[in-house]
Amino acid sequence: MAKKKAPKKKPTNNTKKRTAGQKIFRFFWKFILWFNIVSVFLVLLYKFVPVPYTPLMAIRAIEMKAAGKPMVCSHDWVDIEYISPNLQKAVIASEDGKFLEHYGFDFASMKQAFDKNQNGKKIRGGSTISQQTAKNVFLWPGRSYIRKGFEAYYTGLIELFWSKQRIMEVYLNSIEMGDGVYGAEAASRHWYHKEARSLNRMEAAGIAVILPNPRKYKPVNSTAYINRRKATISKYIGYVKLDY
């Protein structure tokens with residue numbers, strides 16, 4: 001007489017919970033793994049290849065469309081040899097005086113900015129050129145802790161894989177320098193009707209001074225405040241050495 005098969009045991013509630021937890025863990029593990037693979041790949045790719053388009057360019061285009069304006073994106077990549085040293089020095093003098101010394105983060109400036117923001121009404125940033133490059137190329141604008149976390153991650157990657165000269169090259173070719181204007185070459189032609197390699201000190205200082213808010217400020221026909229800042233930055237350009 002054939003033996004009857006024992007009925008299969010139903011999974012207990014503990015087993016179900018454990019299985020669901022394992023699935024969630026596996027999903028997040030795969031997400032983190034693939035995110036790291038893709039992000040490292042992009043950073044390595046942009047070490048050699050010009051950055052064709054950035055998230056900010058897409059966001060600005062959508063904003064223009066929503067406002068009923070024509071979608072303008074003026075962006076002409078040029079190698080750093082074709083960008084005036086005056087502009088390279090101007091953004092260091094204006095945005096990140098320790099750019100050639102730090103490894104992506106200037107903690108003293110960040111603390112100073114934090115203290116000033118706590119005591120005053122104006123929000124002052126403490127981001128380095130490396131952090132701004134990471135944000136401009138890979139991320140979206142904003143002040144959330146999540147975005148800041150991603151920014152720190154990408155800043156570490158580009159400092160690890162790129163040279164300081166490459167960071168400067170990508171920065172000056174990707175940053176917003178006017179309404180629908182991105183990069184040094186497009187900005188030079190838009191504001192001064194000349195090539196980026198031909199910028200003199202005052203013109204370079206004019207572009208550098210508008211970077212905190214390039215859709216509000218103008219390097220030409222400027223306000224008294226902008227003119228004072230231009231004069232100050234132009235003066236400090238002579239003290240910056242480009243030891244890439």
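**Salt bridges and core in a predicted model**

Modeller: Across the whole structure, a search finds 11 salt bridges. Please keep in mind that this is a predicted model.

Biologist: Happy to start there! Why is the pair Arg166 and Glu169 called a salt bridge?

Modeller: The closest N and O atoms of Arg166 and Glu169 are 2.6 Å apart. The cut-off is 4 Å between a side-chain nitrogen of Lys or Arg and a carboxyl oxygen of Asp or Glu, so the pair qualifies.

Biologist: And what separates Arg166 and Glu169 along helix H7?

Modeller: About one helical turn, because they are three residues apart in that helix.

Biologist: What makes Arg189 and Glu195 a salt bridge?

Modeller: Their closest N and O atoms lie 3.6 Å apart, and the limit is 4 Å, so this pair also counts.

Biologist: Nice. How do you know which class Lys194 and Glu203 belong to?

Modeller: Those two side chains meet in a salt bridge at 3.0 Å, N to O. Lys194 has 23% relative accessibility, so it counts as partly exposed. Glu203 has a relative accessible area of 14%, which means it is buried.

Biologist: Which residues are linked in a network of salt bridges?

Modeller: Arg60, Glu63, Glu176 and Arg215.

Biologist: How far apart are Val43 and Phe138, in sequence and in space?

Modeller: They are 95 residues apart in sequence and 9.1 Å apart in space, C-alpha to C-alpha.

Biologist: Which residues have the most contacts inside the largest nonpolar core?

Modeller: Leu87, Val91, Phe138, Met168 and Leu172, in a core of 47 residues. Elements giving two or more residues to this core include helix H3 (85-95), helix H5 (129-138) and helix H7 (164-174). Among the residues touched by Met168 are Ile80, Val91, Phe99 and Tyr244.

Notes. Residues numbered from 1 in each chain as written. Predicted model: local features only at pLDDT ≥ 70, side-chain atom pairs only at ≥ 80, totals over all residues. Heavy atoms only, no water. Core = buried A, V, L, I, M, F, W, Y, C linked by side-chain atoms within 4.5 Å. Buried < 20%, exposed > 50% of the residue type's maximum accessible area, 1.4 Å probe, protein only. Helix = DSSP H or I, 4+ residues; strand = E, 2+ residues; numbered from the N terminus. Contact = heavy atoms within 4.5 Å. Lists of a residue's contacts leave out its neighbours within four places in sequence.
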